[in-house]
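Me: I have a structure open and want to learn how to read it. Please take me through it feature by feature.

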Amino acid sequence: MFKFYRVQFLFIIIFLIFSFIFFDIFSLQVTEYSSVEEEIKNQIFQEYYIPAPRGEIYDYKNIKLVKTNIEQYLFINLRKINDENLDLYKQLIKFNFIDLSNEDIEDIFNSKEVLEPIYSLQKIDFSVQKQLLEYDAFEIFEVPMREYLYSNVFSHSIGYVGIPNSEEENEYVNAKGNKLVGKNGLEKFYEDSLAGVPGKVIFKGDQIIEYIDPIPGQDLTVTLNIELQEVVIESLIEGLNLANKNFESESNIERGAVVVLNIDTGAVEAMVSLPDFDPNLFVDGISQFDFTRLDRKQAFNNFAIQGLYPPGSVFKVVAYWLAVSENIFPVELNSKDDSIDCTGNLSFGFDDGSKQVYNDWKLEGHGLVNLRESLKQSCNVYFWDIALKIWREFGNTDGESLLQEYAKDLGFSKLTNVDLPYERVGIVPDRQLFEEWKVARPELVRDEGWLGGDLMNLIIGQGAITTTPLQVANAYRTLIVGQNSSPYLNLNATRIINNNINISNEFSNFLLDDLGSVTNRGGTAYKAFSIIGDEIGDIGGKTGTAQNAGNKNNTSWFVGIDSISKPKYVIATVVDEGGSGSAVAAPISRRVIQFLRGLEPTPVEFGEITE
Amino acid sequence: MINRRITLIGPEGTNLYIVFQFVLFNVISWFTLYTSIESLEFNLSNLLFRQIIFSTIGIGIFFLTTYISINQVAELSFFFILVSTILLFGLLLTAPIVGVNRWYSLEAIGIPVFLQVSEFSKVFVVAYLARILSGYENRLIGYSLIFLNIILIFLQPDLGTSFLFVSVVFCMLFLTDIKFKQIFLISICLILLFFIFLELDFLGQYQIDRITSFFIGEDFSQQQSRLSISSGGITGTYIQESLDLNVFVPVQSTDFIFSLYAKNFGLVGTVILFLLWFLFIFRVLIIIQQSEIIYEKFLLSGVILMLSIQILINLTTVLGIIPLTGIPFPLLSLGGSSVISTSIFFGLINRAFIENNIVI
């Protein structure tokens, strides 16, 4: 039977207990309140950070490129070490982990940290683990380890991680606790999202009173394509070997870069810079020897965004665009279809009566040359003529920087805003820059300052102008799509629109057609591409050979378009001291284009020496 | 009464006071969590978002429970206890999570949730025990099943929850015409049983540690929790931000959530929370007195006993009066299983209010 009075009785008791609890809370919050502040302020807990697992990196097909391995690690709680048990623990460590030297062990015990990692337990027998854990001062925590699964393949694009310096510790909140920070490449650019929040071990005295789990970083999916990247590296290495075989250069030809840019999206699908390095070397801290060796080879430079080269004839598309847009053609010509007769040199005079003769790379001349032929055969005379016309029309006026403005609209001397750190911008020289240099770097300029000859140099991509391979690739992309936006490597990156340019479909189409003529019969890159066979008619590009000061061999350039009818990729290739663009850079690009078109890539063979 | 027309919301279907109070408790819980997490992101790893999702499911379950009449609960109670027994037994066969067999992980089917079965057993055991006490079931089978449930929870091992169950069962027995002599006898048996288990090494080392560390007065989290409560003062740090001193309390958002609540909202908040619960219990007591159905009387007594003893154990733990138990504060602590089992309790009470024609 149900007895209600017993319910009442129970709840009176419960109420009494509640009253007691309430009284306790009341005394805590009211009576003891004032004394608590002091007590809380005096609470100091030592914290030790356990690194958070970094986000993993996948290529656009979801193939894992960079992995975070979680390893059980044995730690020692140094607070529990005293004079009495010091020798015991030293013996235990020495006995169980024979590859630790005496020095290593001394380092462990001299550490100022509360906890000190000793050894990964991955390969340690379970019974040994259990036995070690019976000793009070040993603790096990999970520690993440970075592993670059394709070692050298992505050393510049993905970058590497390393121990943070004090600046990085200030810049990135979690760097100190993670004991690791992205040093270069995507690892640095996306440090905030890749790095997680480190876990915490909280100590009171020598006791661990709390462990807070780390929060792993976010994964990153990149636009890179592992297969393409590997083909590009092979091709570039073959090209470098070939260049070394064919040229007698003072130093070994070993530097080069290739960028493969998706024309529709601006995604970077491959980015290679040689020489490269294995980012895994940095995970445990790189040795001084390795570092110096690689540094001397400039292996840490990503030449695709940091290498500054005069672009040579690949720059001619700027004048090509200018000529069509402004209707400025060589003297007496009215349209792009009219021809000049190139005799292999250009002699011209200035108002002051001085006369000069410029020689084309092809001394016997190109014959009848219109705009299309000038690009196809890389005829300098045609472009010099355009430069002269600009100079005569606008020289020493506000309009004289017409060519420079067109170049800047295509992104030259500006950041492409790619999602990588340390991008360099290069130079598009003009009168103002030369005036500045007169003061700051007088060794670079003549006393007369900016002259018509400088403009004539600039129009064929020579002289003071410097660009990065990515800038060049992005400039070509801009001319095809009509918009200069940032290339990107993070598949989910927000794209930055740098500027829009006014380009008609008609222009893009005949530009593509004319680029197509370069790789076909009569074009500078025909020899390098002829192996492709039937499909050659649909491929295009532009060669470039830029002269360098001193004894340095020429810089070899090629910008390729995988398809004229359906352009999908622009490939910019540069080989530092590689010589003629048509001989070295063009066949490298050809092999990449073969892969992009689903053809079997054939070995890189030395092309024709032009320019 | 079974054929009553039930509408989802409104005077005829739902007691407004109960709904209001239920939602209010949930909101207080979100707010308390927010003071500690300080961000709401829409994914299940954000604890606040998680709790809001659980509360939303809980509100749904509250209304669903309202559709089941008290009579149906009585008739289904044997089935409930069987389900509870099977689930608890199944737990012992799963792989332990952090050293105990307390949760079913739903991660295998893609939901990052852990089901704590003993939370649901709270409902099932109370419903079934009320049935036994109102004289419908075979007592031998009945008490054995209840006992089996408690033993299975004890074996997980979960000392705190099994202690809670023993207390509630004990109190419910006390509501019948049981003699004091019998109660005394049962107590002796239980204490003996506890020590036998202790001898047989059924208790984990950490549980013994908890008890011993309590008696030497050293439990860190309880000391910290007292400091945290104290730092709230009268109005709480939420209003007087200048007084905000960070007191580190381990696992504060689950079992120690009251220390966070009291720190943020001070004595004023504590008084409000206590008054809300008193009012709630008082109103249920009135129904118990008025109701003419024996089963309903036992069921409702069991429900409010379960809730108030949970709160008692939780508060005494947070204040360091008894050793660590791991009992959550109903509708305040973070934890999906607890929210949902408490939603069922509230749903049952709501149904009882309706059946007694109390709408506000």
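Me: In chain B, what percentage of the contacts with a separation of 6 or more comes from residues 24 or more positions apart?

Reply: Two residues are in contact if their C-beta atoms, placed from the backbone, lie within 7 Å. In chain B, residues 24 or more positions apart account for 73% of the contacts with a separation of 6 or more. Some ground rules: this is a predicted model, where local features need pLDDT of at least 70, side-chain atom pairs count only at pLDDT 80 or more, and totals for chains, interfaces and linings use all residues. Residues are numbered from 1 along each chain as its sequence is written, while chains are lettered from A and ligands numbered from 1 in the order in which they are written.

Me: Which radius of gyration would a compact globule have with 360 residues, and what does chain B have?

Reply: The radius is taken over C-alpha atoms, and the globule rule is 2.2 Å times the number of residues to the power 0.38. For 360 residues that rule gives a value near 21 Å; chain B has 20 Å, which agrees with a compact globule. The C-alpha atoms of chain B fill a box of roughly 60 × 55 × 45 Å along the principal axes.

Me: How many helices and strands does chain B have?

Reply: Helices (H or I, at least four residues) and strands (E, at least two) are DSSP runs, numbered from the N terminus. Chain B has twelve helices and two strands. Its pattern along the sequence is α-α-α-β-β-α-α-α-α-α-α-α-α-α.

Me: What span should helix H6 of chain B have?

Reply: Expected span is 1.5 Å times one less than the number of residues. H6(B) covers residues 159-174, 16 residues, and should span 22 Å; its end C-alpha atoms are 22 Å apart, which agrees.

Me: Which residues of H6(B) are buried?

Reply: Count other C-beta atoms, placed from the backbone, within 10 Å of the residue's own: 20 or more means buried, 12 or fewer exposed, and in between partly exposed. In H6(B), the buried residues include B:Leu159, B:Phe165, B:Val168 and B:Met172. Over the 360 residues of chain B, 43% count as buried.

Me: Why does A:Thr494 count as exposed?

Reply: Because A:Thr494 has 8 C-beta neighbours inside 10 Å. A:Thr494 sits in the loop between strands E17 (483-485) and E18 (497-500) of chain A. Its C-alpha atom is 9.5 Å from that of A:Asp419, 75 residues apart along the chain.

Me: How many residues of chain A are in contact with chain B?

Reply: 30 residues of chain A touch 36 residues of chain B. Helix H1 (4-31) of chain A gives the largest share of the chain A side, 15 residues. That side divides into 20 nonpolar, one polar and nine charged residues. Here Ala, Val, Leu, Ile, Met, Phe, Trp, Tyr, Cys and Pro are nonpolar, Asp, Glu, Lys and Arg charged, and the others, Gly among them, polar.

Me: What is the strand order in the five-strand open sheet of chain A?

Reply: Two strands pair if DSSP finds at least two bridges between them. The order is E12-E11-E21-E20-E19, with antiparallel pairing. E12 (268-274) and E19 (540-546) each have a single partner strand, so one side of each is left without a neighbour in the sheet. E11 (256-262) and E12 pair over six bridges. Within that pairing, A:Val259 has A:Met271 of E12(A) as its bridge partner.
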